[in-house]
Each structure stands twice: as C-alpha cells, then as structure tokens.
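Here are my notes on the model, point by point. Have the coordinates open while you read.

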Amino acid sequence: QVQLVESGGGLVQAGGSLRLSCAASGRTFGTYHMGWFRQAPGKEREFVAAISWSGSMKYYADSVKGRFTIFSDNAKNTVFLQMNGLKPEDTAVYYCAVAHISRLRWWTGDKANYEYWGQGTQVTLSS
C-alpha cells in the first residue's frame, strides 16, 4: 500500500505561482507512475498532469500546458507540480495519485488507472 501526502496549496493572486508537493510512503520508484488531479466545487475530478516512474515521460491536460510542470525526485519519493501563470479557474482541491506500472493507460489521465490517492491540498485564486 502507498500513502500520499500533498502540501503546498494556499491562496494566491491570479498570475502568481505555487509549487505543490506529494510525498509517497514506501518505494514507488520502478513501481508506480504518479499523477496530479484536481476537483473544483460542483465539478468532477479532472486530470492535470502525470509522470512516469522514471521521470522520462510527462503528460498534461490541455488547460495547463505551458503553465504547469510536473517533476519528481525519486530519491525522496516525491512528485511536484510547479504551477505558474495561475488563473481563477485553477481554483480546486489538488490530489496526487499513483498508478501501478501494469496500468498501460496511466498516461491517458483516466482516474480508474490510479489506485492510491492523497487527501488533497486546496489551491485558491483571488482575482
């Protein structure tokens, strides 16, 4: 089992930046791909970004391409989401999750491929 703890959320002005962190318990290197999702009030949870276990493959939702960057520190079992150029529509609870390497469609952002989830961290944009 993998436990995930997100941090780094907060209140930020539009155009600002935040860096989210997700620390995983246990060894995920070589076993799990990792992803970020978000859920705004009244909306379904949606895919934001994903990174392969090796860090060599990265995928983004169209809505965040060019603004958000996902990267990992495998030595620390931590994945990050650097968010720049934040917009009011980025307001949401952000969750990290892991998909076992046997999940061949982990890169599609389908939530069904992700089996362990963190508790989420709130990101709020002020206009």
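**Notes on the cavity, the core and the sheets**

1. Let's begin with the inside. There is one cavity of 30 Å³ or more in the structure; a cavity here is a set of points on a 1 Å grid over the protein atoms alone where a 1.4 Å probe fits but cannot get out. Grid points are joined across faces, edges and corners, and the volume is the space filled by probe spheres set on the points. The largest cavity comes to about 50 Å³.

2. Before going further, the ground rules. This is a predicted model, in which local features need pLDDT of at least 70 and side-chain atom pairs count only at pLDDT 80 or more, while totals for chains, interfaces and linings use all residues. Residues are numbered from 1 along each chain as its sequence is written, and side-chain values use heavy atoms, with hydrogens and water left out.

3. What lines the largest cavity? The lining consists of Thr28, Phe29, Tyr32, Met34, Ile51, Ser52, Trp53, Ser72 and Asn74, where a lining residue has an atom within 4 Å of a point. By class, the lining splits into five nonpolar, four polar and no charged residues.

4. Now the core. The largest nonpolar core has 35 residues, and Trp36, Leu81, Met83 and Tyr94 have the most contacts inside it. Such a core is a set of buried Ala, Val, Leu, Ile, Met, Phe, Trp, Tyr and Cys residues joined through side-chain atoms within 4.5 Å; buried means under 20% relative accessible area, exposed over 50%, and partly exposed in between, with a 1.4 Å probe and protein chains only. At least two residues of this core come from each of E3, E4 (32-39), E5 (46-51), E7, E8, E9 (92-100) and E11 (121-126). Strands are DSSP runs (E, at least two residues), numbered from the N terminus. E9 gives the largest share of this core, six residues. In soluble globular proteins, nonpolar side chains tend to be buried together.

5. E9 pairs with E4 in the antiparallel sense over eight bridges, where pairing takes at least two DSSP bridges between two strands. Met34 sits opposite Val98 in E9, and Met34 is also one of the residues lining the largest cavity. E9 is joined to E11 by three bridges, again antiparallel, with Tyr94 opposite Thr121. Two further antiparallel bridges link E9 to E10 (residues 116-117), where Trp117 is the bridge partner of Ala97.

6. The loop between E9 and E10 holds both Tyr114 and Leu104. Tyr114 is buried at 4% relative accessible area, whereas Leu104 counts as exposed at 69%. Tyr114 and Arg103 are eleven residues apart in sequence and 8.4 Å apart in space, C-alpha to C-alpha. For Leu104 and Glu115, also eleven residues apart along the chain, the C-alpha separation is 13 Å.

7. Turning to the open sheet: its four strands come in the order E1-E3-E8-E7, with antiparallel pairing. E1 (4-7) and E7 (68-73) are the edge strands, each with a single partner, so one side of each has no neighbour in the sheet. Neighbouring strands of this sheet are turned by 15° against each other on average, direction ignored; the axes are lines fitted to C-alpha atoms, with angles from 0 to 180 degrees between N-to-C directions. Four bridges tie E1 to E3 (residues 18-24), with Val5 opposite Ala23. E7 and E8 share six bridges, and Phe71 stands opposite Phe80.

8. One backbone detail to check. E7 and E8 form a hairpin with four residues between them, and Asn77 in the turn has a positive phi of about 50°. Most residues other than glycine have a negative phi. Asn77 is buried, at 14% relative accessible area. Arg27, in the loop between E3 and E4, counts as exposed at 63%.

Definitions and conventions:
1 Å grid on protein atoms, 1.4 Å probe; cavity = no way out; pocket = protein on both sides within 12 Å on 5 of 7 lines; lining within 4 Å. Nonpolar A, V, L, I, M, F, W, Y, C, P; charged D, E, K, R; others polar.
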